[in-house]
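Work through the exercises below with the sequence and the coordinates open. Each task is followed by a solution in steps.

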Amino acid sequence: MPLVAIGAVTIRHWIWGPEFAWRTRRSLRQARVDGDCLHAEVFPKNGLLFSMTQWRDGAAMKRYATSGAHARVIKVARRISDPLHFTHVWRDAIPSHEEAF
């Protein structure tokens, strides 16, 4: 069964907005070209920024999370954002934005 990863953050200060957007686009592109990624999106909801990805398995998600653009953004994440929520769910269907929230 596929693994869905959902995360939510806020940007610490507006000055970090451009860097956050640039890094988010690069990480999203990395996920979307990965053959083991079944779904990848970023969306705003109630003042939070959410990411939602679906992976063939946990090993695929771990490879993504520890490589490339995503690994580089993790190194600066605490400087530019406040992570509020992160969870993993094993399910075949992509959750709606309401379910992710």
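**Exercise 1: Ala5 and the cores**

Ala5 touches Ser51, Met52, Thr53, Met61, Phe86, Thr87 and His88, not counting residues up to four places away in sequence; contact means heavy atoms within 4.5 Å. The model is predicted, so local features need pLDDT of at least 70 and side-chain atom pairs count only at pLDDT 80 or more, while totals for chains, interfaces and linings use all residues. Residues are numbered from 1 along each chain as its sequence is written, and side-chain values use heavy atoms, with hydrogens and water left out.

Task: find the bridge partner of Ala5 in β3, then list the largest nonpolar core.

Solution.
- Step 1. Ala5 has Thr53 as its bridge partner in β3. Strands (E, at least two residues) and helices (H or I, at least four) are DSSP runs, numbered from the N terminus.
- Step 2. The largest nonpolar core consists of ten residues: Leu3, Ala5, Leu28, Ala31, Cys37, Ala40, Trp55, Ala60, Met61 and Tyr64. Such a core is a set of buried Ala, Val, Leu, Ile, Met, Phe, Trp, Tyr and Cys residues joined through side-chain atoms within 4.5 Å. Buried means under 20% relative accessible area, exposed over 50%, and partly exposed in between, with a 1.4 Å probe and protein chains only.
- Step 3. Two or more residues of this core come from each of β1, α1, β2 and α2. The largest share, three residues, is that of α2.
- Step 4. A second, separate core has eight residues, including Ile6, Phe50, Met52 and Ala100.

**Exercise 2: The sheet**

Task: in what order do the four strands of the open sheet lie? Then describe the pairings of β3 with β1 and β2.

Solution.
- Step 1. The order is β2-β3-β1-β4, with antiparallel pairing. Two strands pair if DSSP finds at least two bridges between them.
- Step 2. The edges are held by β2 and β4, each with a single partner strand, so one side of each has no neighbour in the sheet.
- Step 3. From one strand to the next the twist averages 15°. Axes are lines fitted to C-alpha atoms, for helices over the stretch in contact, and angles run from 0 to 180 degrees between N-to-C directions.
- Step 4. Seven bridges join β1 and β3 in the antiparallel sense, and Ile6 stands opposite Met52 in β3.
- Step 5. β2 and β3, also antiparallel, are joined by eight bridges. Here Met52 in β3 is the bridge partner of Glu41.
- Step 6. Of the eight residues of β3, six are buried, so the strand is largely enclosed by the rest of the structure.

**Exercise 3: The turn at Asn46**

Task: which residue in the turn of the β2 and β3 hairpin has a positive phi? Is that residue buried or exposed?

Solution.
- Step 1. The hairpin of β2 and β3 has two residues between its strands. Asn46 lies in this loop, between β2 (37-45) and β3 (48-55).
- Step 2. Asn46 has a phi near 50°, a positive value in a residue other than glycine. Most residues other than glycine have a negative phi.
- Step 3. With a relative accessible area of 56%, Asn46 is exposed.

**Exercise 4: Helix α1 and its faces**

Task: check the span of α1, then separate its buried residues from its exposed ones.

Solution.
- Step 1. Helix α1 (residues 17-33) has 17 residues and spans 24 Å from its first C-alpha to its last, close to the 24 Å expected at 1.5 Å a residue. The expected span is 1.5 Å times one less than the number of residues.
- Step 2. Its buried residues are Gly17, Glu19, Phe20, Arg23, Ser27, Leu28, Gln30 and Ala31. They line one face of the helix, because they fall within an arc of 155° seen down the axis of α1. The arc is that of the directions from the helix axis to the C-beta atoms.
- Step 3. On the other side, Pro18, Arg25, Arg29, Arg32 and Val33 are exposed.
- Step 4. The cover over the buried residues of α1 includes β1 (3-11), β2, β3, α2 (58-65), α3 (68-80) and β4 (81-90). α1 lies across β1, β2, β3 and β4, at about 160° to β2.
- Step 5. Arg23 in α1 counts as buried at 18% relative accessibility. Apart from neighbours within four places in sequence, Arg23 contacts Arg72, Val73, Val76 and Ile80.
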